[in-house]
Amino acid sequence: MANNNFKLTLDTLAPEGSITRPAEYLKNNESSVAIEKNDDAKYMKVWFDTNKVGDKADAPTTWEAAATEKVTSFSSDGEYYYHLVLMDSVGNESQVYNTDKITFDKTLPTVTNVYMKDLDSTDTNNNTKISNSQTVKFGFTYEDNLSGVVSARVVGDDIETINIDNLSSSETQYEGELTFKSKDGIKTISVYVTDVAGNVSLPGEASITVDMTLANPVLTLTKDGKAVPTYINYRDIKADLIFNDNNVTGYKIWEGTEENEPESWTIVDEGTA
């Protein structure tokens, strides 16, 4: 009588593994997650969604050969989690393994309201257009709705590049000081901000005119169309004032010594200086 013996191996142990996110913040559409697995794992399912703990019901319908990495693509900004399930050759499935949160952010941050003004300026609206100092205040407003702004770079033809590495992602404004290399002239700066994911904004710009040269007005006295000497005894004399400085905003004219100087300035209308 034949002796038919069969060896049966009972395997009820599920494979084990883990899945690791590529980074906390991403700006590239494609990313690769690292997978660890024991030798029993032959197949896997990898997916991502907004759930902190994955549900097998949300996994892909088909299994693929177990590997040590998986490349996937994001399509829109948001906060996501990767999930992994492993299966061995006899159909035992592992638990769902989850990554920590991943923030996918490919939207550029914004920088607005860039300004420059005098160090002692009281212009709260930041509309200053002229300064008599090489050193001025500068500032800007920044925003990023996802990963947050962390750094800024200020560049210009007449300044050393300023790198700001301590911007707070919980705030929206920054103010500092800068010094121009040269004196008089129109000075322009450009500000770029960078968010946590590495996206760099389009530039925000501001200009200011630095004028450190003293005004040199010329006062000409005339009577009946003819120049008169400095010391005169005429009345009804006409005074012609030439500013020789396009940035003059006011002037004072008086008779006598400095003790007679008026308290108030006569304002020069824009474009008449």
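A salt bridge is taken here as a side-chain nitrogen of Lys or Arg within 4 Å of a carboxyl oxygen of Asp or Glu. The structure is a predicted model, in which local features need pLDDT of at least 70 and side-chain atom pairs count only at pLDDT 80 or more, while totals for chains, interfaces and linings use all residues. Residues are numbered from 1 along each chain as its sequence is written, and side-chain values use heavy atoms, with hydrogens and water left out.

Five salt bridges are found by this rule. In one of them Glu93 pairs with Lys56, with the closest N and O atoms 3.3 Å apart. Glu93 lies in the loop between β7 (78–87) and β8 (97–98) and Lys56 in the loop between β4 (43–49) and β5 (64–65), 37 residues apart; strands are DSSP runs (E, at least two residues), numbered from the N terminus. Glu93 is partly exposed at 37% relative accessible area, and the value for Lys56 is 37% (buried, under 20%; exposed, over 50%; partly exposed, in between; 1.4 Å probe, protein chains only). A further salt bridge joins Lys70 and Glu64 at 3.0 Å, N to O.

An open sheet of three strands has the order β1-β3-β6 with antiparallel pairing, where pairing requires at least two DSSP bridges between two strands. Five bridges join β3 (residues 30–37) to β6, and Ser32 has Val71 of β6 as its bridge partner.

Methods:
Helices (H or I, at least four residues) and strands (E, at least two) are DSSP runs, numbered from the N terminus.
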